[in-house]
Amino acid sequence: MRNIGLRCPHCSILPRAVKSRPMSALMKEITYMCQNPECGFCFVARLEIARTLSISSISKPGVDVPLSQHINWSAIQQLS
Ligand SMILES: [Zn+2]
């Protein structure tokens, strides 16, 4: 698995993602292991879809992502 920019908070080395588990359609938990053998820190991080910047043209019922305050409202009005 790839690292998504997180660094070990103890030694600043890039950790390796070793496992992920979906928690919902919008969030997953990822288990990371620091690659520094002198550190050994292992932790779980959460990756969550937080805000909508552009609305999907094939939106799925039940998927409700809050709208960003930076959304392009004129583009949304053209869709409705
Ligand atoms: Zn570390």
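Me: What makes up the secondary structure of the protein chain?
Reply: In this predicted model, the secondary structure comprises 1 helix and 3 strands. Read from the N terminus, the order of the elements is β-β-β-α.

Me: Why is Ile71 called partly exposed rather than buried or exposed?
Reply: Ile71 has 15 other C-beta atoms within 10 Å. A residue counts as buried at 20 or more and as exposed at 12 or fewer. The value of 15 lies in between, and therefore Ile71 is partly exposed.

Me: Where is Ile71 placed in the chain?
Reply: Ile71 belongs to the loop between β3 (42-48) and α1 (73-79). Its C-alpha atom is separated by 9.4 Å from that of Arg51, and the two residues are 20 apart along the chain.

Me: What makes β3 hardly covered?
Reply: To be buried, a residue needs 20 or more other C-beta atoms within 10 Å of its own. Among the 7 residues of β3, the count of buried residues is 0, and therefore β3 is described as hardly covered.

Me: How many residues does the protein chain have, and what percentage of them is buried?
Reply: The protein chain has 80 residues, of which 4% are buried.

Notes:
Residues numbered from 1 in each chain as written. Predicted model: local features only at pLDDT ≥ 70, side-chain atom pairs only at ≥ 80, totals over all residues. Helix = DSSP H or I, 4+ residues; strand = E, 2+ residues; numbered from the N terminus.
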